[in-house]
Amino acid sequence: MAEDKKTVGGKYLEYKGKPLVRQGDTICYGDMDDKYILVLEIFSYKKSAGGTDVPDDIFIQVINPKDSTDIKKQGQKKGLYDALDIGLVWLERALM
């Protein structure tokens, strides 16, 4: 039987105890049973010094996983690190 490529050892990758899933240019972070999750949409890439493509323009959303029209907060950042950093703060505040 082929191994599921979306999981490692049968489980989703986790960051700070919550699932972190990437499909194409979309990264979702959070528990689908929570009121809100974090969604990062990669709009563009740039070449790093080593020639690797790295995410550049990132659209950030904190949304209700059961109703995608319920958007708590959204914005845009340069770089995956900055986008994830601010997105985690927004998500933490939304879940309080």
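Modeller: Start at K18, which is partly exposed, with a relative accessible area of 21%. Here buried means under 20% relative accessible area, exposed over 50%, and partly exposed in between, using a 1.4 Å probe and protein chains only. This is a predicted model: local features need pLDDT of at least 70, side-chain atom pairs need pLDDT 80 or more, and totals for chains, interfaces and linings take in all residues. Residues are numbered from 1 along each chain as its sequence is written, and side-chain values use heavy atoms, without hydrogens or water.

K18 pairs with D34 in a salt bridge, and their closest N and O atoms are 2.7 Å apart. K18 sits in strand β2 (residues 18-23), while D34 sits in the loop between β3 (26-29) and β4 (37-42), so the bridge ties together parts 16 residues apart in sequence. Strands are DSSP runs of E, at least two residues, numbered from the N terminus. The rule for a salt bridge is a Lys or Arg side-chain nitrogen within 4 Å of an Asp or Glu carboxyl oxygen. That rule gives five salt bridges.

Now move to K78. D56 bridges to K78, with the closest N and O atoms 3.4 Å apart. This pair links distant parts of the chain, 22 residues apart: D56 is in the loop between β6 (53-55) and β7 (57-64), and K78 is in strand β8 (residues 67-78). D56 is buried, at 13% relative accessible area. K78 is exposed, at 51%.

K78 also bridges to D57, where the closest N and O atoms are 3.0 Å apart. Again distant parts are linked: K78 in β8 and D57 in strand β7, 21 residues apart. Through shared partners, D56, D57 and K78 form one network of salt bridges.

Methods:
Helices (H or I, at least four residues) and strands (E, at least two) are DSSP runs, numbered from the N terminus.
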